[in-house]
Amino acid sequence: MSWIRSSRVVVLAVLLALALGVAGTAMAIDFNEDNVPEEAEVGTTETVTVSYDVDQNSPSTVEAESDLDDAVVSITASGPGAEESDSGETAEVEVDPDQHSEVEIEANGDIPEITEFDYENPDTEHVMALSVREDGASVGTWEIHRYTEDSQEARQALDDAREAVEGSSSDGAQSNFDRAVTLYNSGEFESAIETAQDAQDEAESEGQMLQLLLTGGAVLGVVALIGGGVYYWRSRQQDTYKLQ
Amino acid sequence: MKLAMIGFGQAGGKIVDKFLEYDERTGSGIVRSAIAVNSARADLLGLERIPEEHRVLIGQARVKGHGVGADNELGAEIAEEDIDEVQGAVDNIPVHEIDAFLIVAGLGGGTGSGGSPVLAKHLKRIYTEPVYGLGVLPGGDEGGIYTLNAARSFQTFVREVDNLLVFDNDAWRKTGESVEGGYDKINDEIVRRFGVLFGAGEVSAGDNVAESVVDSSEIINTLSGGGVSTVGYDAESVQPQNSGGLLSRFKGGNNTEVDSASTTSRITSLVRKAALGRLTLPCEIDGVERALLVVSGPPQHLNRKGIERGRKWLEEQTGSMEVRGGDYPLNEPNVAAAVLLSGVHNVPRIKELQQVAIEAQENIDTIQSESEENLETLVEDEEDELDPLF
């Protein structure tokens, strides 16, 4: 390795470290999540609003975008000196700490259709509602979990079934549950609900059987105890003496 | 002593049933086999412990299972006729395992009173084992016919058995008892006495073994002279011994010591009370031919001196040198003395019974002889003017 090549590597490393340092500084924005819904039904119109107090020393460029359908993104930087704003499919505002004290970012749009369902990884059903960059580096992303009426019902059924299946040791219930998950992932919610229901019933009936057996065992134990006690008492009472 | 018991008649069946209950309850193991014989089906059905296949109904051709109605001559007749049926049940008894037969019967009734001497005669003819009788005398207030039955049966039964052990209901009846409760208590008394006596030699593994075992041969020898026997019995509760709990082990063995003087006097007092006041057939013990004394109770309460003294006392009282004795250790909080007096002669109760029986017999004869004449007086007119139809 020549000296020149190795010095280039060092320079690159230093630059990368600086870039990361800057990005690190930029990422340290403390957002207030004024209005960030956790989940929303497909086709409804939602608004996501975040804001933060400007405490940087140097001016920066803030950009925002959204994956919502027909999204309108707006950024408003306001302060005692001046107010600057921009809106549109994407928005970009220069924030000057000398003039602006607060920045509010908002995204408004319709929740888009879901392309891929995954019960185990609900993240795949999220939509990116708002993404904010400062000087080109991402400083915040807000996602909303989206659902359709059917998918929500199916997920709820699967959640209930999973709770029941985890509490039992029934293999049949587990395989039914796995099948329900596959059906959910392929978008066949009605079948998924039915299969999840079956899994839940099976797990619960096994649980009930176990409960019944335990109760029966306990009852038998108590009866045996009482019976034994009575027998012992009777045998103690009974006159087994030969002489008197 | 292992016995084959045959309950003849209602009272006999019930007493054998009680013996089985006593055996089951105390585990004494004296009844090797039990048979009930009766001419009344209902009485056989009332038994609880005697196995169904050991219940023999005799005289079906004559009385159709309804009993002989206190007619002991008829009882003897049907026993004679159906003796093979009884023998059929006796055939099931493993005779090599038994020491003796015991025929139990109430002497006042019909079936047992009449049939038991017949069976005794039959068994004696076939088997070498001794055949004993346990006869229950009716109470004096039970009526003349029963007394007459008892007196006649007693005579025959004594002659046919190797020894007749007698229990007198009169000596044990208490006023104000219900019929069933009264008989039940009397049967309990019978069973307890004879149970202790016959059970004395029956020791199983793990039991205490007596210093001086009362073996079945002792009982057989005592009864061997024949005649009539009575059993005296008395029991007293004693403080149960500490069975050796953890605490008492640390405290030492002081409390297992029993005062020897009081033990001796207790035993002699029990023997006296048993022989003088609590006999199954009250009698004068002076002149008794043979006697057997069994003292039973917790081993530490049985002392040799007491038993020796008791035996000595019996020898003095009976005037007989043939007084056997032994102990029967049992782990229970009672001490008891059982006295078997064999060959008793001076029994006022039997004389009294016979007197009443003679009177009853005369009365019956008189009434019977006058019966025809009286009926004629009633039926015929004074001048004999009326003619019968045919």
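Trainee: What percentage of the 390 residues in chain B is buried?
Mentor: Chain B has 390 residues, and each residue is sorted by its relative accessible area: buried is under 20%, exposed is over 50%, and partly exposed is in between, with a 1.4 Å probe and protein chains only. Sorted in this way, the buried share of chain B is 53%.

Trainee: What pLDDT do local features need in this model?
Mentor: Residues are numbered from 1 along each chain as its sequence is written, chains are lettered from A and ligands numbered from 1 in the order in which they are written, and side-chain values use heavy atoms, with hydrogens and water left out. This is a predicted model, in which totals for chains, interfaces and linings use all residues and side-chain atom pairs count only at pLDDT 80 or more, while local features need a pLDDT of at least 70.

Trainee: How many helices and strands does chain B have?
Mentor: Helices (H or I, at least four residues) and strands (E, at least two) are DSSP runs, numbered from the N terminus. The C-alpha trace of chain B, which spans about 105 × 40 × 40 Å along its principal axes, holds 14 helices and 10 strands.

Trainee: Which percentage of the contacts in chain B between residues at least 6 apart joins residues at least 24 apart?
Mentor: A contact means heavy atoms within 4.5 Å, and the contacts taken here are those in chain B between residues at least 6 apart in sequence. Of these, the share that joins residues at least 24 apart is 82%.

Trainee: In what order do the elements of chain A run?
Mentor: Chain A has 244 residues, of which 34% are buried, and there are four helices and 10 strands in the chain. Read from the N terminus on, the order is α-β-β-β-β-β-β-β-β-β-β-α-α-α.

Trainee: Which element gives the largest share of the lining of the largest pocket?
Mentor: On a 1 Å grid over the protein atoms alone, a cavity is a set of points where a 1.4 Å probe fits but cannot get out, whereas a pocket is an open set with protein on both sides within 12 Å along at least five of seven lines, and lining residues have an atom within 4 Å of a point. The largest pocket holds about 960 Å³ of space, and its lining has 41 residues, with Gln10(B), Ala11(B), Lys14(B), Tyr183(B) and Asn187(B) nearest the centre. Two or more residues each come from helix 1 (9-26), helix 6 (111-126), strand 5 (131-137) and helix 9 (179-199) of chain B. The largest share, eight residues, is given by helix 1 of chain B.

Trainee: What volume does the largest cavity have?
Mentor: The search of the whole structure finds one cavity of 30 Å³ or more, where grid points are joined across faces, edges and corners and a volume is the space filled by probe spheres set on the points. The largest cavity is lined by Lys18(B), Glu21(B), Tyr22(B), Arg25(B), Asp188(B), Val191(B) and Arg192(B), and helix 1 of chain B gives the most to this lining, with four residues. Its volume is about 50 Å³.

Trainee: What is the phi of Lys64(B), which is not a glycine?
Mentor: Most residues other than glycine have a negative phi. Lys64(B) lies in the loop between helix 3 (60-63) and helix 4 (72-81) of chain B, and it counts as exposed because its relative accessibility is 57%. Its phi is positive, at about 55 degrees.

Trainee: What is the phi of Asp135(A), which is not a glycine either?
Mentor: Asp135(A) sits in the loop between strand 9 (126-134) and strand 10 (137-147) of chain A, and with a relative accessible area of 47% it is partly exposed. Its phi is positive, at about 50 degrees.

Trainee: How far is Asp67(A) from Pro112(A) in space?
Mentor: Asp67(A) is in the loop between strand 4 (60-65) and strand 5 (69-78) of chain A. Leaving aside neighbours within four places in sequence, Asp67(A) is in contact with Pro112(A), Val127(A) and Met128(A). Asp67(A) and Pro112(A) are 45 residues apart in sequence, and from C-alpha to C-alpha the distance is 8.2 Å.

Trainee: Is Thr280(B) buried or exposed?
Mentor: Thr280(B) is found in the loop between helix 12 (260-277) and strand 8 (290-297) of chain B. Beyond its neighbours within four places in sequence, its contacts include Trp172(B), Arg193(B) and Thr230(B). Since its relative accessibility is 0%, Thr280(B) counts as buried.
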